[in-house]
Amino acid sequence: MKTDTLLTVRDLSLQVAGTGREVVQSIAFDIAPGEIFGIVGESGSGKTLATRALIALLPPAIRVKGGSVRYKGRDVLAMKDRELRDLRGAEIGVVFQEPMTSLNPSMTIGRQLEEGLILHTKASPEERRARILDMLKRVGIRDPEGALTAYPHEFSGGMRQRIMLASVMLLKPALLIADEPTTALDAVIQRDVMELMVELTRAEGTAVLLISHDLPMVARYTSRIVVMEKGAIVEAGRTENLLEAPQHPYTKKLLSSLPFRGEARAIDMSKAPMVSARNVVVDYAGRRSLFRRGKAKRALQGVSVDIHEGEVVALVGGSGSGKTTLGRTIAGLVKQSGGEIRFQGRSREADWTDYRLNCQMVFQDPYSSLDPRMTILALVEEALRLVPGLDVSAKRKRALETLEEVGLGADYAERYPHELSGGQRQRVAIARAIARRPRFLIADEPVSALDVTVRAQVLDLFSDLQKRYGFSCLFISHDLGVVEQVADRVVVMQDGRIIEEGDRDTIFDSPKEAYTRRLLSAIPALDQNEKGGVTLKWRLEN
Amino acid sequence: MAAERKVGPNRGETMLRFILSRLVMALPTIALVSVTVFALIRFIPGDPAALMLGDMAQPEQIAEMRTELGLDKSMPQQFLIWAGNVLQGDFGRSIVNDEAVLPLVVSRFLVSAEIVVVAVLLASLVAVPAGVIAAWRQNSLTDLALVGTATVLLSIPTFWLGLLLLLFFGLKLGWLPVLGYVSIRDDLAGGMLYLVLPIMTLVIHEAGVLIRMARASTLEVLRLDYITHARAKGLSEGAVLWRHAFKNAFGPTWTMIGLILGNLLGGIAVIETVFTIPGLGRLMVDSIFARDYPVIQGCLLFVSLSYVLVNLVVDLLYPLFDPRVVAE
Amino acid sequence: MKKFTFNGLIGGILIAILLLSAALGLVWTPFDPMKLSFTARLAAPGADHLLGTDEFGRDVLSRLMVGARASVWIGALTVGFATICGTLIGLVSGYARGWVDGVIMAVNNALLAFPGILLALGLLAVFGANQYGIIFALGIAYTPSMARVVRGAVLSLREREFIEASRVMGNGELYTMVRHILPNCLAPITVLATSMFGWAILSESALSFLGLGVPPPAPTWGNMLAAGRPFVEQAVWLGLFPGLCIALTLLGINLLGDALRDKLDPRMRGLK
């Protein structure tokens with residue numbers, strides 16, 4: 001065995017107790033001290049379970065079937081409870097995906113950070129306090145003193161993830177396991193947290209095991225990567241080699257699923273726009289209580305946007321930018337307190353029935369957007385209920401045709417949503433939206449809940465349908481990669497205002513606003529080569 | 001990073017606002033409870049004056065009573081007069097023996113309350129740790145045994161359980177008195193003998209409810225990431241369970257304890273009947289038999305208001321287990 | 001998972017026995033449950049009278065069967081009453097929101113502020129102590145819980161995207177209510193109605209035990225227990241069997257209710 005490895009995993013297999021189904025199949029990798037090492041895989045690839053096994057923290061239903069995990073030469077799987085507890089935290093730290101639930105809500109930040117120090121060091125109370133304050137400062141908490149007595153709910157998600165990082169790095173572990181550490185965060189904050197993590201671990205000489213579904217993000221920070229599919233490692237190698245010359249079909253598939261810029265299309269902008277929002281203002285009533293007259297929050301501060309016939313306009317921005325509110329206002333789900341929305345040249349209010357027939361929406365969460373008590377066919381048929389001029393049999397025929405079009409054959413018709421995968425459900429949601437042949441579609445983060453490869457398929461489907469029926473579309477997304485693939489024009493929002501808009505190539509190649517540049521710095525530009533590989537180029541913020 | 005902290009630094013003010021808002025929120029409930037109690041007695045078919053005077057009353061007596069009760073006034077006026085009297089501590093007088101209602105209700109209430117409070121306290125002490133352990137060892141034999149026992153216990157009606165205990169400890173073994181009641185205020189040791197069985201009955205039943213509740217809420221918490229994170233820090237299972245799981249899981253159970261306390265105060269009549277204890281429940285049932293409406297009204301009002309009060313106290317103490325409620 | 005189906009099965013069997021004996025009690029009992037027999041007073045359980053006789057020589061088993069009928073009947077009507085009224089109130093409240101909701105919920109919360117059986121006791125004073133008095137009193141006392149659960153379900157469903165999808169399709173509020181919201185409320189309604197059936201049977205027997213329920217000589221488990229109480233020293237079966245019937249029924253309902261909850265809980269169904 002090489003002496004310079006920190007962690008060695010050999011033939012590690014995990015199985016479900018009872019059924020014996022193998023969820024991780026003889027995986028092997030090494031991590032060197034100070035190295036940043038990546039595991040990439042989609043949901044169900046077993047990547048999270050595999051890393052839980054490294055610190056012997058598997059869910060009760062999962063058992064180790066065989067193999068070994070050696071940390072600095074010691075067999076982790078053979079350790080006693082006592083030894084394991086000395087290892088966890090002190091030697092190997094873990095940061096989880098969900099900053100909202102990773103901190104104990106009923107314990108102050110100070111006490112949670114102190115807990116590890118009390119357990120693993122002999123520092124005096126004064127020393128502990130000094131080290132905690134220093135670490136909180138280093139992760140960018142502006143008022144460390146105040147944070148000590150504060151509770152987690154007083155901080156935003158990004159801040160909580162910084163505190164988590166502080167809590168783990170405080171003990172100067174030799175290895176940090178980061179399981180999807182930024183997936184729940186906004187793109188811009190994601191990058192800040194990742195940069196902070198790299199900076200801190202480099203300073204302490206800590207090795208990082210970075211686990212994510214996001215191949216470009218992992219590639220950006222790691223020197224070596226393994227790709228997992230269905231519990232097995234299908235490919236391993238140096239990051240740039242793996243990206244540029246992938247060997248395994250699954251790696252190739254993952255790479256080809258990354259969003260690429262599509263052909264620029266010519267949109268006829270001379271005609272009057274299909275949908276036109278003029279100076280839309282939306283106020284959310286503040287939470288009122290007996291002693292506080294809630295301040296109304298202005299979510300949209302007079303926003304205007306036009307969508308032309310056959311055009312796909314992408315609305316991008318961070319959370320709280322107002323992009324979703326604008327989409328829902330145009331859909332008629334939120335009442336605007338000012339401004340006007342016009343459809344085909346006249347006010348939307350002039351003919352609601354017509355607007356409803358021609359404007360449809362696809363929602364973000366395919367688990368929540370389909371009535372769980374209706375069959376797939378009934379769901380799509382319901383969309384045709386109010387369409388005039390179709391009799392019952394014509395409606396059924398149209399519904400079945402539409403399902404066929406989104407790739408769900410007749411044998412899916414009588415199934416219920418919970419029997420389908422996330423991607424299939426989103427196909428149903430799309431079928432429901434296009435069954436009416438709407439002139440205009442609002443898609444609110446339609447692919448952000450989906451796995452990388454599924455996302456690519458659904459995006460292809462969307463583009464096909466858009467070409468076939470030529471509907472106009474307002475495409476709301478926080479993921480600029482997806483936007484680059486589908487949009488004709490991009491509108492950037494921040495704090496309820498539009499700060500920049502233009503055709504896609506202009507926005508992506510020469511953004512003017514600093515905020516747009518920050519958004520773009522979070523995603524890579526891809527160069528595809530003939531071997532099925534890619535080269536990532538990261539845009540600079542300035 | 002404009003707003004790093006979502007809540008202002010002034011935690012004292014937030015807490016004060018929380019307490020005041022909970023107090024004020026209880027007011028409409030108290031008002032509506034009073035209206036309901038008032039209306040309930042007014043819904044009883046027949047003339048309240050005639051009902052109050054009984055079968056032997058003369059027409060002129062009834063007319064006099066009507067004026068005395070203010071029945072010739074409008075309903076809202078009547079309510080205000082009644083409510084005004086209640087606020088001054090005047091709950092009226094018993095039809096049966098002309099006793100003042102409030103002192104009667106209060107003295108009987110104290111008898112019931114000592115049984116209920118002790119029982120709930122003991123049940124919580126036994127059941128909450130048991131529930132937490134069952135959750136910690138989910139699906140193990142310990143868990144199955146605890147949940148099974150709890151389900152059986154809560155399915156046994158208290159009045160039957162009381163009867164069985166009385167039969168066994170009182171009649172068969174002869175260890176404890178079967179009939180009668182001595183207040184612990186008069187004779188501490190002797191009085192306590194009379195309380196053992198009723199308290200035991202309630203503890204057994206309510207422990208069943210609380211074990212399941214504590215188990216369910218602990219399970220909810222054990223799924224969460226911060227428990228795994230606490231383990232990943234290297235904490236021992238004891239520390240994980242006590243410092244991280246228990247405190248967060250106790251909230252719902254705490255609310256449940258408050259509800260049980262109030263429910264027992266309202267439903268203790270059966271226990272008091274089995275063990276012949278002169279408590280509030282028995283007073284209410286006897287008054288229903290005797291059609292003693294002022295006493296019924298007094299009992300209803302007193303118990304429901306103490307229930308509102310208990311839940312208010314439970315609410316106000318809730319932030320001890322979950323600081324998030326203050327901010328909402 | 002296995003454990004729950006097993007428990008649910010036991011619960012189902014217990015409830016099936018209850019329903020069968022109640023149904024059988026309609027057409028046939030071993031003896032006439034009302035027939036007095038001074039020769040067979042306080043006869044111990046044996047070949048003649050399987051579960052013995054009471055202080056008037058009436059057959060206990062026959063009376064328990066007729067008592068089962070009373071329990072099931074009162075329980076079913078009470079739950080039916082509370083479910084229908086509570087669901088309607090909850091739907092209207094969650095649907096209307098605004099001040100209508102505010103008023104309905106204020107009254108609802110005031111009724112919920114009466115602990116457990118107390119409101120039923122107060123209502124019994126109004127309706128009078130008899131079978132229908134109990135049904136109305138318990139029905140009214142349980143309605144607020146149902147209303148609150150249904151309203152909660154409606155409010156949380158309104159936030160779901162499939163309700164918004166229905167609005168985007170142009171469906172009317174009433175259509176959305178009936179087609180999407182109501183069917184998705186059925187799970188919590190079923191779970192609560194099952195527990196309520198247990199509460200109703202328990203409360204009915206408690207009230208009968210107190211003498212505020214179905215008046216004798218008509219047998220119910222509660223009043224049999226109350227009537228047998230003075231004789232338990234000589235005739236332990238009089239204190240044993242009626243209570244056992246109530247306990248087994250409640251156990252069955254609790255087990256069945258747990259199984260239903262696990263089955264209908266959305267977290268157990270496909271959702272992550």
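The model is predicted: local features need pLDDT of at least 70, side-chain atom pairs count only at pLDDT 80 or more, and totals for chains, interfaces and linings use all residues. Residues are numbered from 1 along each chain as its sequence is written, chains are lettered from A and ligands numbered from 1 in the order in which they are written, and side-chain values use heavy atoms, with hydrogens and water left out.

Q: Why is the contact of A:K65 and A:E22 called a salt bridge?
A: A salt bridge needs a side-chain nitrogen of Lys or Arg within 4 Å of a carboxyl oxygen of Asp or Glu. For A:K65 and A:E22 the N to O distance is 2.7 Å, so the pair qualifies. The pair links distant parts of the chain, 43 residues apart: A:K65 is in strand β4 of chain A and A:E22 in strand β2. Strands are DSSP runs of E, at least two residues; helices are runs of H or I, at least four; both are numbered from the N terminus.

Q: Why does A:K65 count as partly exposed?
A: Buried means under 20% relative accessible area, exposed over 50%, and partly exposed in between (1.4 Å probe, protein chains only). A:K65 has 47%, so the residue is partly exposed.

Q: What makes A:K72 and A:E91 a salt bridge?
A: Their closest N and O atoms are 3.3 Å apart. The pair sits 19 residues apart in chain A, with A:K72 in the loop between β4 and β5 and A:E91 in the loop between α2 and β6. A:K72, at 49%, is partly exposed. A:E91, at 25%, is partly exposed as well.

Q: Are C:D101 and C:R151 buried or exposed?
A: Both C:D101 and C:R151 are buried. Their side chains meet in a salt bridge at 2.7 Å, N to O. C:D101 lies in helix α3 of chain C and C:R151 in helix α5, 50 residues apart.

Q: What secondary structure does chain B have?
A: Chain B has 14 helices and zero strands. Of its 328 residues, 51% count as buried. The C-alpha atoms fill a box of roughly 85 × 70 × 35 Å along the principal axes.
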